[in-house]
Amino acid sequence: MPRNTLTALPQPIFNEGSVSPDPTRFKTAHPSDSQLYKEIQKLLTKDVVSFGPSRLPPDGMVALQDVWGAHGPEIIKNIQSAEKIVFHAAGDTGASNEGKYANEVRVCDQLSSDCRTADEANRPVFLFQLGDVVYDFGESRYYYDQFYDPFRNYPAPIFAIPGNHDSFIVPNTPADATPLEIFERNFCATEPVITPEAASLHRTAMTQPGVYFTLDAPFVRIIGLFSNALEDPGVISSQKGKWPTVPDVQLTFLEAQLNLIKKQKYPGSVILAMHHPPFSYAPPKKSGGAGGNHGGSPAMLREIDSICLDAGVYPHVFLSGHAHNYQRFARRIRFRNQQYEVPFIVCGDGGHNVNRMVTGRAGQPPREPYFGADVHYLESKPAVTSTGLILKHYDDMNYGYLRITVDKQKLAIGFHLVNAGRLPQSRIDMVTVDLARHTVTGN
Ligand SMILES: [Fe+2]
(Lines give C-alpha, C1' and ligand atoms only; values in the text may rest on other atoms or scores of the structure.)
Protein backbone atom coordinates (compact mmCIF):
# COMPACT_ATOMS: atom_id res chain seq x y z
CA MET A 1 0.00 0.00 0.00
CA PRO A 2 1.52 3.39 -0.91
CA ARG A 3 2.47 5.58 2.03
CA ASN A 4 0.36 8.67 2.53
CA THR A 5 3.35 10.86 1.72
CA LEU A 6 2.13 14.39 2.25
CA THR A 7 0.45 14.07 5.62
CA ALA A 8 1.98 16.47 8.12
CA LEU A 9 3.77 14.79 11.01
CA PRO A 10 3.57 16.19 14.54
CA GLN A 11 7.37 16.55 14.65
CA PRO A 12 10.19 16.92 12.15
CA ILE A 13 12.36 13.85 11.56
CA PHE A 14 15.98 14.17 10.45
CA ASN A 15 17.45 10.69 10.25
CA GLU A 16 16.66 6.99 10.31
CA GLY A 17 16.33 5.20 13.63
CA SER A 18 19.58 3.31 13.17
CA VAL A 19 22.70 3.82 11.09
CA SER A 20 22.51 1.72 7.95
CA PRO A 21 25.26 0.62 5.53
CA ASP A 22 26.23 2.97 2.72
CA PRO A 23 24.34 2.68 -0.54
CA THR A 24 26.60 1.53 -3.37
CA ARG A 25 24.22 1.91 -6.28
CA PHE A 26 21.63 4.42 -7.41
CA LYS A 27 18.06 3.36 -6.86
CA THR A 28 17.08 5.14 -10.08
CA ALA A 29 19.32 4.85 -13.13
CA HIS A 30 20.77 8.21 -14.14
CA PRO A 31 21.72 8.15 -17.82
CA SER A 32 24.39 10.55 -19.05
CA ASP A 33 23.26 14.15 -19.44
CA SER A 34 26.01 15.03 -21.92
CA GLN A 35 23.69 15.12 -24.93
CA LEU A 36 21.23 17.32 -23.02
CA TYR A 37 24.09 19.63 -22.08
CA LYS A 38 25.07 20.06 -25.72
CA GLU A 39 21.51 20.99 -26.60
CA ILE A 40 21.03 23.57 -23.86
CA GLN A 41 24.53 25.07 -23.72
CA LYS A 42 23.44 28.50 -24.92
CA LEU A 43 20.37 28.58 -22.68
CA LEU A 44 22.59 28.19 -19.62
CA THR A 45 23.90 31.70 -20.23
CA LYS A 46 20.53 33.40 -20.63
CA ASP A 47 17.60 31.42 -19.18
CA VAL A 48 17.00 32.83 -15.72
CA VAL A 49 13.96 31.71 -13.72
CA SER A 50 11.25 33.53 -11.83
CA PHE A 51 10.25 32.59 -8.29
CA GLY A 52 7.69 33.50 -5.69
CA PRO A 53 8.18 35.67 -2.63
CA SER A 54 8.98 34.22 0.78
CA ARG A 55 6.01 33.38 3.03
CA LEU A 56 7.54 35.69 5.64
CA PRO A 57 7.69 39.48 5.47
CA PRO A 58 11.07 40.88 4.32
CA ASP A 59 12.29 41.28 7.90
CA GLY A 60 11.03 37.84 9.02
CA MET A 61 13.35 35.02 10.13
CA VAL A 62 13.28 31.27 10.68
CA ALA A 63 14.22 30.38 14.26
CA LEU A 64 16.51 27.36 14.66
CA GLN A 65 14.58 26.39 17.76
CA ASP A 66 11.33 26.01 15.78
CA VAL A 67 12.96 23.90 13.09
CA TRP A 68 14.11 21.39 15.71
CA GLY A 69 10.50 20.85 16.82
CA ALA A 70 10.08 19.36 20.30
CA HIS A 71 13.89 19.15 20.71
CA GLY A 72 14.24 22.89 20.05
CA PRO A 73 14.37 24.10 23.68
CA GLU A 74 16.93 21.42 24.61
CA ILE A 75 19.14 22.22 21.58
CA ILE A 76 19.07 25.95 22.35
CA LYS A 77 19.81 25.27 26.02
CA ASN A 78 22.85 23.16 25.07
CA ILE A 79 24.14 25.93 22.79
CA GLN A 80 23.68 28.53 25.51
CA SER A 81 25.46 26.32 28.08
CA ALA A 82 28.35 25.71 25.69
CA GLU A 83 28.41 29.46 24.95
CA LYS A 84 28.91 28.65 21.27
CA ILE A 85 27.16 27.15 18.27
CA VAL A 86 28.70 24.67 15.83
CA PHE A 87 27.32 23.88 12.38
CA HIS A 88 28.29 22.62 8.93
CA ALA A 89 28.16 24.20 5.48
CA ALA A 90 28.84 22.48 2.17
CA GLY A 91 28.04 23.09 -1.46
CA ASP A 92 27.45 21.02 -4.57
CA THR A 93 26.85 17.71 -2.86
CA GLY A 94 24.83 15.98 -5.59
CA ALA A 95 26.44 13.09 -7.47
CA SER A 96 25.14 13.03 -11.03
CA ASN A 97 26.33 9.52 -11.84
CA GLU A 98 27.26 6.34 -10.02
CA GLY A 99 30.94 6.94 -10.66
CA LYS A 100 30.76 10.01 -8.43
CA TYR A 101 28.45 8.49 -5.87
CA ALA A 102 31.12 7.18 -3.50
CA ASN A 103 32.56 10.71 -3.22
CA GLU A 104 29.24 12.17 -2.15
CA VAL A 105 28.57 9.32 0.27
CA ARG A 106 31.99 9.80 1.89
CA VAL A 107 31.32 13.52 2.43
CA CYS A 108 27.90 12.77 3.91
CA ASP A 109 29.33 10.02 6.12
CA GLN A 110 31.99 12.33 7.54
CA LEU A 111 29.41 15.06 8.23
CA SER A 112 27.09 12.55 9.90
CA SER A 113 29.90 10.97 11.86
CA ASP A 114 31.00 14.40 13.13
CA CYS A 115 27.51 14.94 14.58
CA ARG A 116 27.51 11.52 16.20
CA THR A 117 31.01 11.56 17.69
CA ALA A 118 31.39 15.17 18.87
CA ASP A 119 30.64 15.85 22.52
CA GLU A 120 27.53 17.86 23.27
CA ALA A 121 29.27 21.25 23.39
CA ASN A 122 30.90 20.68 20.00
CA ARG A 123 28.08 18.92 18.17
CA PRO A 124 27.04 20.52 14.87
CA VAL A 125 23.36 21.42 15.04
CA PHE A 126 22.55 21.86 11.35
CA LEU A 127 23.94 21.75 7.83
CA PHE A 128 23.59 24.73 5.53
CA GLN A 129 23.74 23.37 1.98
CA LEU A 130 25.07 26.06 -0.39
CA GLY A 131 23.21 24.94 -3.51
CA ASP A 132 23.30 22.26 -6.23
CA VAL A 133 21.63 19.57 -4.18
CA VAL A 134 20.42 17.51 -7.15
CA TYR A 135 22.02 17.25 -10.61
CA ASP A 136 21.55 17.62 -13.37
CA PHE A 137 18.55 19.82 -12.98
CA GLY A 138 16.76 19.02 -9.77
CA GLU A 139 14.59 16.20 -11.09
CA SER A 140 12.22 14.65 -8.56
CA ARG A 141 13.38 11.14 -9.44
CA TYR A 142 16.99 11.90 -8.46
CA TYR A 143 16.33 13.42 -5.01
CA TYR A 144 16.40 10.06 -3.28
CA ASP A 145 19.80 9.01 -4.62
CA GLN A 146 21.48 12.42 -4.45
CA PHE A 147 19.97 13.81 -1.26
CA TYR A 148 17.81 11.63 0.97
CA ASP A 149 19.81 8.42 0.90
CA PRO A 150 23.34 9.85 1.34
CA PHE A 151 22.10 12.10 4.18
CA ARG A 152 19.94 9.40 5.81
CA ASN A 153 22.22 9.31 8.89
CA TYR A 154 22.68 13.07 9.30
CA PRO A 155 20.89 13.68 12.59
CA ALA A 156 20.08 17.37 12.25
CA PRO A 157 18.16 19.84 10.06
CA ILE A 158 19.48 20.56 6.57
CA PHE A 159 18.78 24.02 5.14
CA ALA A 160 19.50 24.82 1.50
CA ILE A 161 19.57 27.65 -0.97
CA PRO A 162 18.96 26.50 -4.54
CA GLY A 163 21.87 26.38 -6.95
CA ASN A 164 21.68 26.67 -10.71
CA HIS A 165 21.25 22.89 -10.90
CA ASP A 166 18.26 23.11 -8.56
CA SER A 167 16.56 25.77 -10.68
CA PHE A 168 17.43 25.76 -14.41
CA ILE A 169 14.39 24.63 -16.42
CA VAL A 170 15.12 22.21 -19.23
CA PRO A 171 12.85 23.09 -22.20
CA ASN A 172 9.50 21.26 -22.24
CA THR A 173 9.54 20.54 -18.51
CA PRO A 174 5.91 20.46 -17.27
CA ALA A 175 4.98 23.42 -15.05
CA ASP A 176 4.37 21.16 -12.05
CA ALA A 177 7.78 19.49 -12.37
CA THR A 178 10.13 22.44 -12.61
CA PRO A 179 13.24 22.10 -10.41
CA LEU A 180 12.21 24.95 -8.11
CA GLU A 181 8.79 23.36 -7.67
CA ILE A 182 10.49 20.17 -6.49
CA PHE A 183 13.04 22.10 -4.39
CA GLU A 184 10.27 24.02 -2.64
CA ARG A 185 8.37 20.82 -1.92
CA ASN A 186 11.44 19.40 -0.18
CA PHE A 187 12.93 22.48 1.48
CA CYS A 188 10.16 25.08 1.75
CA ALA A 189 7.25 23.01 3.07
CA THR A 190 4.75 24.65 5.39
CA GLU A 191 4.79 21.65 7.74
CA PRO A 192 7.07 18.66 8.38
CA VAL A 193 5.89 16.21 5.74
CA ILE A 194 7.57 13.21 4.18
CA THR A 195 7.68 13.96 0.48
CA PRO A 196 7.44 11.44 -2.37
CA GLU A 197 11.13 12.14 -3.09
CA ALA A 198 12.13 10.66 0.31
CA ALA A 199 10.51 7.36 -0.67
CA SER A 200 10.99 4.88 2.22
CA LEU A 201 13.18 7.22 4.28
CA HIS A 202 11.94 9.42 7.09
CA ARG A 203 13.62 12.84 6.84
CA THR A 204 10.80 15.36 6.70
CA ALA A 205 10.86 18.30 4.32
CA MET A 206 12.62 21.43 5.59
CA THR A 207 10.26 24.26 6.46
CA GLN A 208 12.04 27.30 5.04
CA PRO A 209 9.71 30.15 4.09
CA GLY A 210 11.10 30.34 0.57
CA VAL A 211 14.14 30.00 -1.67
CA TYR A 212 15.68 32.98 0.15
CA PHE A 213 15.46 33.30 3.93
CA THR A 214 17.26 34.21 7.12
CA LEU A 215 18.08 31.57 9.70
CA ASP A 216 18.19 33.03 13.19
CA ALA A 217 20.21 30.84 15.55
CA PRO A 218 22.00 31.65 18.80
CA PHE A 219 25.11 33.75 18.04
CA VAL A 220 24.53 33.78 14.27
CA ARG A 221 22.19 34.85 11.51
CA ILE A 222 22.60 33.38 8.05
CA ILE A 223 21.01 35.38 5.24
CA GLY A 224 20.60 33.03 2.27
CA LEU A 225 19.98 34.40 -1.22
CA PHE A 226 18.96 32.53 -4.37
CA SER A 227 21.43 33.46 -7.13
CA ASN A 228 19.34 31.92 -9.93
CA ALA A 229 19.83 29.44 -12.75
CA LEU A 230 22.67 30.60 -15.00
CA GLU A 231 25.99 28.78 -15.14
CA ASP A 232 27.50 32.23 -14.64
CA PRO A 233 27.06 34.77 -13.23
CA GLY A 234 24.89 34.83 -10.11
CA VAL A 235 21.76 36.96 -10.44
CA ILE A 236 19.71 38.04 -7.42
CA SER A 237 17.48 40.67 -9.09
CA SER A 238 16.29 42.00 -12.44
CA GLN A 239 19.40 44.23 -12.47
CA LYS A 240 17.27 47.19 -13.53
CA GLY A 241 15.57 45.31 -16.36
CA LYS A 242 18.47 43.24 -17.68
CA TRP A 243 16.76 40.09 -16.38
CA PRO A 244 13.07 41.12 -16.48
CA THR A 245 11.71 37.77 -15.30
CA VAL A 246 13.70 37.88 -12.06
CA PRO A 247 11.77 39.68 -9.30
CA ASP A 248 13.50 42.26 -7.10
CA VAL A 249 12.12 40.84 -3.85
CA GLN A 250 15.55 39.75 -2.63
CA LEU A 251 16.85 43.32 -2.72
CA THR A 252 13.99 44.42 -0.48
CA PHE A 253 14.60 41.37 1.71
CA LEU A 254 18.33 42.02 2.12
CA GLU A 255 17.70 45.67 2.86
CA ALA A 256 15.08 44.78 5.50
CA GLN A 257 17.34 42.19 7.13
CA LEU A 258 20.31 44.55 7.38
CA ASN A 259 18.13 47.37 8.66
CA LEU A 260 16.76 45.03 11.32
CA ILE A 261 20.32 44.17 12.39
CA LYS A 262 21.07 47.87 12.68
CA LYS A 263 17.84 48.68 14.51
CA GLN A 264 18.31 45.85 17.00
CA LYS A 265 22.04 46.59 17.37
CA TYR A 266 22.39 42.84 16.78
CA PRO A 267 25.70 41.81 18.35
CA GLY A 268 26.01 38.37 16.75
CA SER A 269 27.63 37.08 13.61
CA VAL A 270 26.11 37.83 10.19
CA ILE A 271 26.80 35.43 7.33
CA LEU A 272 25.67 36.05 3.76
CA ALA A 273 25.29 32.92 1.64
CA MET A 274 24.55 32.49 -2.04
CA HIS A 275 25.37 29.68 -4.47
CA HIS A 276 27.35 31.69 -7.06
CA PRO A 277 30.57 33.11 -5.61
CA PRO A 278 31.17 36.87 -5.75
CA PHE A 279 34.86 36.04 -6.35
CA SER A 280 36.30 32.92 -7.95
CA TYR A 281 39.95 32.60 -8.86
CA ALA A 282 41.24 33.28 -12.37
CA PRO A 283 44.88 34.02 -13.16
CA PRO A 284 45.91 37.50 -14.25
CA LYS A 285 45.54 38.06 -17.98
CA LYS A 286 48.65 37.23 -20.05
CA SER A 287 50.05 35.06 -17.27
CA GLY A 288 49.39 31.82 -19.10
CA GLY A 289 46.83 29.16 -18.36
CA ALA A 290 43.14 29.72 -17.88
CA GLY A 291 40.95 30.03 -14.82
CA GLY A 292 38.77 27.35 -13.30
CA ASN A 293 35.37 26.48 -14.64
CA HIS A 294 33.48 29.32 -12.97
CA GLY A 295 34.01 33.06 -12.70
CA GLY A 296 32.86 35.60 -10.13
CA SER A 297 29.67 37.67 -10.07
CA PRO A 298 30.70 41.34 -9.89
CA ALA A 299 27.27 42.82 -10.73
CA MET A 300 25.63 40.74 -7.98
CA LEU A 301 28.29 41.84 -5.50
CA ARG A 302 27.83 45.48 -6.51
CA GLU A 303 24.12 45.25 -5.66
CA ILE A 304 24.86 43.59 -2.31
CA ASP A 305 27.59 46.12 -1.45
CA SER A 306 25.27 49.04 -2.28
CA ILE A 307 22.55 47.73 0.02
CA CYS A 308 25.12 47.16 2.78
CA LEU A 309 26.43 50.69 2.34
CA ASP A 310 22.93 52.17 2.60
CA ALA A 311 22.16 50.09 5.70
CA GLY A 312 25.55 50.70 7.29
CA VAL A 313 25.91 46.98 8.02
CA TYR A 314 28.37 44.58 6.38
CA PRO A 315 28.34 40.78 6.79
CA HIS A 316 31.21 39.16 8.66
CA VAL A 317 31.70 36.54 5.96
CA PHE A 318 30.36 35.47 2.54
CA LEU A 319 29.84 31.76 1.80
CA SER A 320 29.27 30.27 -1.66
CA GLY A 321 29.59 27.06 -3.63
CA HIS A 322 29.32 26.48 -7.40
CA ALA A 323 33.06 26.30 -8.18
CA HIS A 324 34.06 22.74 -7.27
CA ASN A 325 36.95 23.47 -4.96
CA TYR A 326 37.78 25.42 -1.81
CA GLN A 327 38.87 29.06 -2.06
CA ARG A 328 39.32 31.59 0.72
CA PHE A 329 39.75 35.23 -0.13
CA ALA A 330 40.42 38.12 2.24
CA ARG A 331 38.67 41.24 1.02
CA ARG A 332 39.72 44.45 2.71
CA ILE A 333 37.25 47.30 2.58
CA ARG A 334 36.93 50.75 4.07
CA PHE A 335 33.45 50.74 5.61
CA ARG A 336 31.98 53.46 7.82
CA ASN A 337 35.46 54.88 8.37
CA GLN A 338 36.78 51.56 9.58
CA GLN A 339 39.00 48.98 7.98
CA TYR A 340 37.20 45.64 7.65
CA GLU A 341 38.63 42.33 6.55
CA VAL A 342 35.93 40.04 5.20
CA PRO A 343 36.52 36.39 4.25
CA PHE A 344 34.86 35.34 0.99
CA ILE A 345 34.78 31.55 1.00
CA VAL A 346 33.92 29.18 -1.83
CA CYS A 347 33.20 25.60 -0.78
CA GLY A 348 31.75 23.75 -3.76
CA ASP A 349 33.52 20.43 -3.37
CA GLY A 350 30.86 18.62 -1.35
CA GLY A 351 30.61 15.52 -3.52
CA HIS A 352 29.75 16.37 -7.13
CA ASN A 353 33.23 17.06 -8.38
CA VAL A 354 36.61 18.66 -7.68
CA ASN A 355 38.01 21.04 -10.30
CA ARG A 356 41.47 22.54 -10.53
CA MET A 357 41.79 26.27 -10.03
CA VAL A 358 43.66 26.71 -13.30
CA THR A 359 44.00 24.80 -16.52
CA GLY A 360 46.78 24.72 -19.09
CA ARG A 361 46.34 26.46 -22.41
CA ALA A 362 47.95 26.16 -25.83
CA GLY A 363 51.15 24.50 -24.77
CA GLN A 364 51.47 26.45 -21.53
CA PRO A 365 51.30 24.51 -18.30
CA PRO A 366 48.84 25.77 -15.71
CA ARG A 367 50.33 28.16 -13.19
CA GLU A 368 48.97 27.38 -9.78
CA PRO A 369 48.26 30.39 -7.61
CA TYR A 370 50.08 30.68 -4.29
CA PHE A 371 48.64 31.36 -0.85
CA GLY A 372 48.69 35.10 -0.31
CA ALA A 373 48.46 36.01 -4.00
CA ASP A 374 47.26 39.55 -4.67
CA VAL A 375 44.10 39.11 -6.76
CA HIS A 376 42.70 42.63 -6.57
CA TYR A 377 42.19 42.43 -10.34
CA LEU A 378 39.15 40.23 -9.61
CA GLU A 379 37.40 43.33 -8.23
CA SER A 380 35.31 45.01 -10.91
CA LYS A 381 34.00 48.50 -10.16
CA PRO A 382 33.22 47.70 -6.51
CA ALA A 383 30.46 49.70 -4.84
CA VAL A 384 32.39 49.82 -1.56
CA THR A 385 35.95 51.09 -1.12
CA SER A 386 38.01 47.97 -1.65
CA THR A 387 41.56 48.25 -0.35
CA GLY A 388 42.78 44.78 -1.24
CA LEU A 389 41.84 41.26 -2.26
CA ILE A 390 44.10 38.35 -1.38
CA LEU A 391 43.73 34.66 -2.14
CA LYS A 392 44.61 33.35 1.31
CA HIS A 393 44.17 29.62 0.87
CA TYR A 394 42.72 27.06 -1.51
CA ASP A 395 42.41 23.36 -2.13
CA ASP A 396 41.51 21.97 -5.53
CA MET A 397 42.37 18.30 -5.06
CA ASN A 398 39.98 17.07 -2.38
CA TYR A 399 36.35 16.94 -1.34
CA GLY A 400 35.50 18.88 1.77
CA TYR A 401 33.13 20.94 3.87
CA LEU A 402 33.09 23.78 6.37
CA ARG A 403 32.75 23.40 10.12
CA ILE A 404 31.79 26.72 11.66
CA THR A 405 31.89 27.75 15.32
CA VAL A 406 30.46 31.01 16.58
CA ASP A 407 30.51 32.45 20.08
CA LYS A 408 29.87 35.88 21.50
CA GLN A 409 33.15 37.34 20.28
CA LYS A 410 34.21 35.45 17.21
CA LEU A 411 33.33 33.37 14.18
CA ALA A 412 35.71 30.54 13.24
CA ILE A 413 35.46 28.74 9.91
CA GLY A 414 37.44 25.57 9.35
CA PHE A 415 37.76 23.77 6.01
CA HIS A 416 37.85 20.00 6.45
CA LEU A 417 39.07 17.45 3.95
CA VAL A 418 37.17 14.26 3.42
CA ASN A 419 39.43 11.20 3.37
CA ALA A 420 42.27 13.06 5.01
CA GLY A 421 44.35 9.89 4.93
CA ARG A 422 47.48 10.18 7.04
CA LEU A 423 46.94 13.79 8.06
CA PRO A 424 46.62 14.15 11.83
CA GLN A 425 43.28 15.91 11.43
CA SER A 426 40.84 16.66 8.65
CA ARG A 427 40.97 20.44 9.05
CA ILE A 428 43.54 22.11 6.79
CA ASP A 429 42.45 25.74 6.99
CA MET A 430 40.89 28.02 9.56
CA VAL A 431 39.96 31.67 9.65
CA THR A 432 38.69 33.53 12.69
CA VAL A 433 36.75 36.79 12.53
CA ASP A 434 36.44 39.22 15.44
CA LEU A 435 32.75 40.11 15.40
CA ALA A 436 32.94 43.57 16.92
CA ARG A 437 35.88 44.75 14.81
CA HIS A 438 35.36 42.83 11.53
CA THR A 439 39.02 41.90 11.63
CA VAL A 440 40.62 38.54 11.02
CA THR A 441 42.92 36.93 13.51
CA GLY A 442 45.25 34.00 13.05
CA ASN A 443 46.27 33.75 9.44
FE1 LIG B 1 26.39 25.43 -9.45
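**View 1. Strands β5 and β6 run antiparallel and are joined by 5 bridges.** Strands here are DSSP runs of E with at least two residues, helices are DSSP runs of H or I with at least four residues, and both are numbered from the N terminus. Two strands pair if DSSP finds at least two bridges between them. Leu215 has Ile222 in β6 as its bridge partner. Please keep in mind that this is a predicted model, in which local features need pLDDT of at least 70 and side-chain atom pairs count only at pLDDT 80 or more, while totals for chains, interfaces and linings use all residues. Residues are numbered from 1 along each chain as its sequence is written.

**View 2. The open sheet of 9 strands, with mixed pairing.** To find your way across it, follow the order β1-β5-β6-β7-β9-β11-β10-β14-β13. The edges are β1 (62–63) and β13 (373–374); each has a single partner strand, so one side of each is left without a neighbour in the sheet.

**View 3. Strand β9 (residues 317–320), covered on both faces.** Val317 and Leu319 are buried on one side, and Phe318 and Ser320 are buried on the other. (A residue is buried if 20 or more other C-beta atoms lie within 10 Å of its own, exposed if 12 or fewer, and partly exposed in between, with C-beta atoms placed from the backbone.) Strand β7 (residues 269–274) pairs with β9 in the parallel sense over 3 bridges, and Ile271 can be found opposite Val317 in β9. Strand β11 (residues 338–347) also runs parallel to β9, and 3 bridges join the two. Here Phe318 faces Phe344, its opposite number in β11.

**View 4. Helix α7 (residues 249–264) and its buried side.** This helix of 16 residues reaches 22 Å from its first C-alpha to its last, close to the 22 Å expected at 1.5 Å a residue; the expected span is 1.5 Å times one less than the number of residues. Gln250, Phe253, Leu254, Gln257, Leu258 and Ile261 are buried in α7. They cover an arc of only 120° around the axis, which puts them on the same side of α7; the arc is that of the directions from the helix axis to the C-beta atoms. On the face turned away from the buried side of α7, look for the exposed residues Lys262 and Lys263. Just after α7 comes Lys265, which takes a positive phi of about 50°.

**View 5. What α7 packs against.** The buried residues of α7 pack against β5 (213–217), β6 (220–225), β7 and α8 (298–311); two residues are in contact if their C-beta atoms, placed from the backbone, lie within 7 Å. α7 lies across β5, β6 and β7, and runs at about 170° to β6. Axes are lines fitted to C-alpha atoms, for helices over the stretch in contact, and angles run from 0 to 180 degrees between N-to-C directions.

**View 6. The crossing of α7 and α8.** The two axes come within 9 Å and cross at roughly 35°. On the α7 side, Leu251, Leu254, Glu255, Leu258, Asn259 and Lys262 make the contact, with Glu303, Ile304, Ile307, Cys308 and Ala311 coming from α8.

**View 7. Helix α6 (residues 179–187) and its cover.** The buried residues of α6 are Pro179, Leu180, Ile182, Phe183, Asn186 and Phe187. They cover an arc of only 160° around the axis, which puts them on the same side of α6. Their cover includes α5 (143–148) and β4 (158–160).

**View 8. The open sheet of 7 strands, again with mixed pairing.** The order to trace is β4-β3-β2-β15-β16-β17-β18. At the edges stand β4 and β18 (439–441), each with a single partner strand, so one side of each is left without a neighbour in the sheet. On average, and ignoring direction, neighbouring strands of this sheet are turned by 25° against each other.

**View 9. Strand β16 (residues 410–417) between β15 and β17.** In β16, 6 of the 8 residues are buried, so this strand is largely enclosed by the rest of the structure. Strand β15 (residues 400–406) pairs with β16 in the antiparallel sense over 7 bridges, and a hairpin joins the two through 3 residues. Val406 stands opposite Leu411 in β16. Strand β17 (residues 427–434) runs antiparallel to β16 and is joined to it by 7 bridges. Lys410 lies opposite Asp434 in β17, and His416 has Arg427 of β17 as its bridge partner.
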